Amino acid sequence: MNSTALSAGETNCRLYGEKNAPFLLIQPVDSHDLAEMDAEARLIAEKTAVPFLLAAAPVQDWNDDLSPWAAPAVFGNHPFGGGAEGTLRKIQENLIPALRRECGLAQDCRLIIGGYSLAGLFALWAAYASGVWHGAAAASPSVWFPEFTEYALQHELHARAVYLSLGDREEKTRNSVMARVGDCIRTLHGHYAADPRLITALEWNEGNHFRDAALRTAKAFAWVLNRLAKE
C-alpha cells in the first residue's frame, strides 16, 4: 500500500489508505513501528473491506509522550513523564484538522485511535479523556501501567467500540508490575462487556509481547472498523 507524508505543525505523519475515507485511524508510533507500517496497512486492508485512512504519527519520547501520568520506571531507568495530555492535544487540535483539510475528510468522518504496547494504553486513555473517538484499538496495551485499571473503572469511556488483545505469554514475566497485565486486561474487558453502550472484544494471541506487533495492531484496527461500519 502506497504512503504519503503530511506535516501538521509539530506533527509529521505517514498516511496509508484512501483520501475521503469515512474512517480515520490515528496511531502513535516510534521508529520501529514506522518500519512495519507498510505491512500493517496491507494487513488491515486484507481484513476489512471498509475504506480507511491511517495516519502513523511519530512521538518524540515513547515513555513521556504516551503515559497518562508520571510514574517510576518499570524496566530500565527511564521513568514515565505523563505527557499523554499534550500528545492528545496535538493530535486533536493540529493533526486531525490538517488531515480533514488535506485529505478531504468529511466532518462526520469517524475517528479511531489505536496502537501497540504503550500506544495501546494511550488509545484507551484517550477514549476516556475525549469524546471525539468512536473506537479504540488497543493491541497488547500496557494496562499494567500503575493505577490505570483503577482509573478506568472510575471514569466513563466515550468510544463505542473497544478492542483489546494480549499475547498468551505476556503475563509470564519476572517483572512483578508487568506480570499484572493479564489480570488487568481481564478486569477491563469484563467491565466493558458489562456496559450495554459498548461493543468490545478481548483476543488472545500466541507469544510474548514482542511477537507480531504489526499483525496484532492490524487485527485491532480491522475489528473496530468492521464493527463500527455495521452501526
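**Entry 1: overall size**

The radius of gyration here is taken over C-alpha atoms, and the globule rule I compare it with is 2.2 Å times the number of residues to the power 0.38. I am working with a predicted model. For 231 residues the rule puts a compact globule near 17 Å, and I found 16 Å for this protein, which agrees. I also looked up the box that holds the C-alpha atoms: along the principal axes it is roughly 45 × 35 × 30 Å.

**Entry 2: elements, burial and surface**

I counted eight helices and 10 strands in the protein. Of the 231 residues, 52% are buried. I then turned to contacts between residues at least 6 apart in sequence, and 70% of these join residues at least 24 apart. The protein exposes about 10200 Å², and carbon and sulfur atoms supply 47% of that area. For charge, I have 21 positive and 27 negative side chains down in my notes, with the centres of the two sets 4 Å apart.

**Entry 3: helix α2**

Which residues of helix α2 are buried? Looking through residues 37–47, I found Met 37, Glu 40, Ala 41 and Ile 44. Seen down the axis of α2, these buried residues fall within an arc of 100°, so they line one face of the helix.

**Entry 4: Ile 44**

I stayed in helix α2 for a look at Ile 44. Its relative accessible area is 0%, so Ile 44 is buried, given that buried means under 20%. Leaving out residues up to four places away in sequence, I find Ile 44 touching Leu 25, Phe 52, Leu 54, Ala 218, Phe 221, Ala 222 and Leu 225.

**Entry 5: Gly 135**

Next I moved to strand β8, where Gly 135 has its place. Is Gly 135 buried or exposed? At 0% relative accessibility it counts as buried. Its contacts, again without residues up to four places away in sequence, are Leu 111, Ile 112, Ile 113, Ala 159, Ala 161, Val 224 and Leu 228. I noted a C-alpha separation of 9.4 Å between Gly 135 and Arg 227, which are 92 residues apart along the chain.

**Entry 6: two positive phi angles**

Most residues other than glycine have a negative phi, and I went looking for exceptions with that in mind. Glu 147 has a positive phi of about 75° although it is not a glycine. Where does Glu 147 lie? I found it in the loop between β8 (135–139) and α6 (148–154). Its relative accessible area is 57%, so Glu 147 is exposed, the cut-off being over 50%.

Asp 212 is another residue I wrote down, with a positive phi near 60°. This one sits in the loop between β10 (199–205) and α8. How does Asp 212 count in terms of accessibility? It counts as partly exposed, because its relative accessibility is 39%.

Definitions and conventions:
Residues numbered from 1 in each chain as written. Predicted model: local features only at pLDDT ≥ 70, side-chain atom pairs only at ≥ 80, totals over all residues. Heavy atoms only, no water. Helix = DSSP H or I, 4+ residues; strand = E, 2+ residues; numbered from the N terminus. Buried < 20%, exposed > 50% of the residue type's maximum accessible area, 1.4 Å probe, protein only. Contact = heavy atoms within 4.5 Å. Areas by Shrake-Rupley, 256 points an atom, 1.4 Å probe, with all protein chains shown as cover. Lys, Arg positive; Asp, Glu negative; His and termini not counted. Charge placed at Lys NZ, Arg CZ, Asp CG, Glu CD. Arc of directions from axis to C-beta.
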